[in-house]
Amino acid sequence: MESGKKSYEAFWKQALKDLMDDISEQEFSTWFRGIEYIGSGDSQIALSVPSSFIKDQISQRYLTKIEEKLAELAGQELAVKFSIQKKASSKGSHEEGGRLQKAEETVTRKRQHPQLNKEYTFERFIIGESNSFAANAALAISRNPGTGYNPCLIYGGVGLGKTHLVQAIGNSVYHEFPDLKVAYVTVETFANEFILSIQKKTGHQFKNKYRLVDVLLIDDIQFLEGKEGTQEELFHTFNALYDANKQMLFTSDRPVAEIRSLSDRLRSRFERGLNVDLQPPNYETRMAILNRKVEEKKVNIPDEVVEVICRNINTNVRDLEKALTKLIAYAELVNKNITLDIARQQLKDFFAQPSQKNITIELIQKIVSDYFGLSYKDLRGKRRTKAVAFPRQVAMYLSRELTEYSTTEVGAEFGGRDHTTVMHACQKIEDRMKLDPNIEPTLQTLLKQIKENNV
Ligand code: ADP
Ligand code: MG
């Protein structure tokens, strides 16, 4: 038995070596650095891992490969068992114990960070091909804030996990480094607070709030477009933090180069550090994500239903979540089990446009301005002439109908208008549709053109 154990350890070491040849050094050290061989039993190897997150990631990504290698080396199948071993915990603690301890630590250390959503953690973030670069960068930053990738910019389309990732960094640093001050803010909130601080003459307080932090997370910097004062303020905040080696993280729905009317000096600051992108998830990753969501929600959904959703919805994670939520709500309300037929029936709107890319507000504005013979600039602009009022309302209405953007976000794309203006515009169009039979066909024509041009 003793000699058997010894050779198991040798097999494990060899399997790791082989794996090292297959993956990058960075990837290897991200996942395997904290792993230890702790022993073996009949046909199994026991390893300790630092967290259940690492365990899940290794299981998802590498376990099959590792077990194959072990079987090859040992000439028999060896199962790999993990136990979670937090650094501070006593030896034989098993997984549940580890979790409990972690929960206790969290309670005694600090409560939930007020600006962060506690659901947005690394544990809940599924890593696949499309997001592994960004996720690994985020993980690395959360372990060593301020020392490596600074600043960092994560960019990618709507619903791909930008907010989740930056908040995961925030949550992780907040709990793992109790001495560090973490601030999370969207550009819109930052801009509003800045404006308010001018009005109330509390500029000093505002500056302190963001310049005296250790980790600053700023979400959705594409909304800096056209906000000169806020850009200026952020520029100074950036410099103060950068000089003090504080970690900064930004997200954007597009590469920095494509953010319009951004001052050159701020642009060059954003581009200074690491810029990583998030891509739409492939089928396998969508399956992994949706299966996890089904588990989290503790609902009973047949595998074939999960599959059909993932095959038909390939836009982004938010759409996957929406489909799932709708299905669960339906099943609860009519008190039925979810079947393939019910899923197809209930989700037909989600499935209708299988491979449509996300429609952008910009595209809608281009099509609408062409259609009405206006310039794109006027449609987006601030001028309030009669000729442009109705087309603009139409474009706002379509933006709300065809994209995921909020009224505030839509307003920002139309000369920085307020969200109430957008709501008003949508209401206007809906009212007019009831009175004027010509409006509906116009909207249909525009819709068709938008879809045709969305390639
Ligand atoms: P974005 O900020 O890019 O628009 P979000 O971070 O708001 O996207 O993500 C949309 C939803 O999808 C959130 O509920 C988030 O938790 C979920 N999500 C995105 N990517 C993943 C992932 N890789 N694993 C699990 N959930 C994800
Ligand atoms: Mg977001």
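Is Lys298 buried or exposed? Select Lys298 and show the surface: Lys298 is exposed, with a relative accessible area of 73%, where buried means under 20% relative accessible area, exposed over 50% and partly exposed in between, computed with a 1.4 Å probe on protein chains only.

Before going on, please note that this is a predicted model, in which local features need pLDDT of at least 70 and side-chain atom pairs count only at pLDDT 80 or more, while totals for chains, interfaces and linings use all residues. Residues are numbered from 1 along each chain as its sequence is written, chains are lettered from A and ligands numbered from 1 in the order in which they are written, and side-chain values use heavy atoms, with hydrogens and water left out.

**Backbone stops**

Stay with Lys298, which lies in the loop between helix H12 (283–297) and helix H13 (303–312); helices (H or I, at least four residues) and strands (E, at least two) are DSSP runs, numbered from the N terminus. Lys298 has a positive phi of about 55° although it is not a glycine. Next select Asn335, in the loop between helix H14 (317–334) and helix H15 (340–346), where phi is again positive, at about 55°, although Asn335 is not a glycine. Asn335 is exposed, with a relative accessible area of 71%.

Then move to Pro151, found in the loop between helix H6 (132–143) and strand E4 (152–155), and look at the peptide bond that leads from Asn150 to Pro151, which is cis, with omega near -10°. As background to these stops, most residues other than glycine have a negative phi, and most peptide bonds are trans.

**Domains and the last helix stop**

Colour the chain by its domain assignment, which gives domain 1 (2–84), domain 2 (132–278), domain 3 (283–352) and domain 4 (356–453); such bounds come from an automatic or database domain assignment. The centres of domain 3 and domain 4, taken over C-alpha atoms, are separated by 31 Å.

Now select helix H22 (residues 439–453), whose 15 residues should span 21 Å at 1.5 Å a residue, and whose end C-alpha atoms are 21 Å apart, which agrees; the expected span is 1.5 Å times one less than the number of residues. Which residues of H22 are buried? They are Ile439, Thr442, Leu443, Leu446 and Ile450. These residues cover an arc of only 95° around the axis, which puts them on the same side of H22, the arc being that of the directions from the helix axis to the C-beta atoms. Turn to the other side of H22, and there Lys448 and Glu452 are exposed. Among what covers the buried residues of H22 are helix H17 (361–371), helix H19 (386–402) and helix H21 (419–435).

Select Ser369 in helix H17, which counts as buried at 1% relative accessibility. Leaving out residues up to four places away in sequence, Ser369 touches Leu374, Ser375, Tyr376 and Leu379, where contact means heavy atoms within 4.5 Å. Then find Gln57 in helix H3 (residues 52–61), which counts as buried at 0% relative accessibility.

**Aromatic rings**

How many aromatic pairs does a search of the whole structure find? The search finds 12 aromatic pairs, in which rings of Phe, Tyr and Trp (its six-membered ring) have centres within 6.5 Å, and planes under 30 degrees apart count as stacked, over 60 as edge-to-face and the rest as tilted. Select Phe28 and Phe32, whose ring centres are 5.1 Å apart and whose planes are at 20°, so the pair is stacked. Phe28 and Phe32 are four residues apart in helix H2 (residues 25–32), and are therefore separated by about one helical turn. Phe28 is buried, with a relative accessible area of 14%, and Phe32 counts as buried at 5% relative accessibility. For an edge-to-face pair, select Tyr371 and Phe372, with ring centres 5.1 Å apart and planes at 85°.

Finally, show Phe190, Phe194, Phe206 and Tyr210, which form one aromatic cluster.
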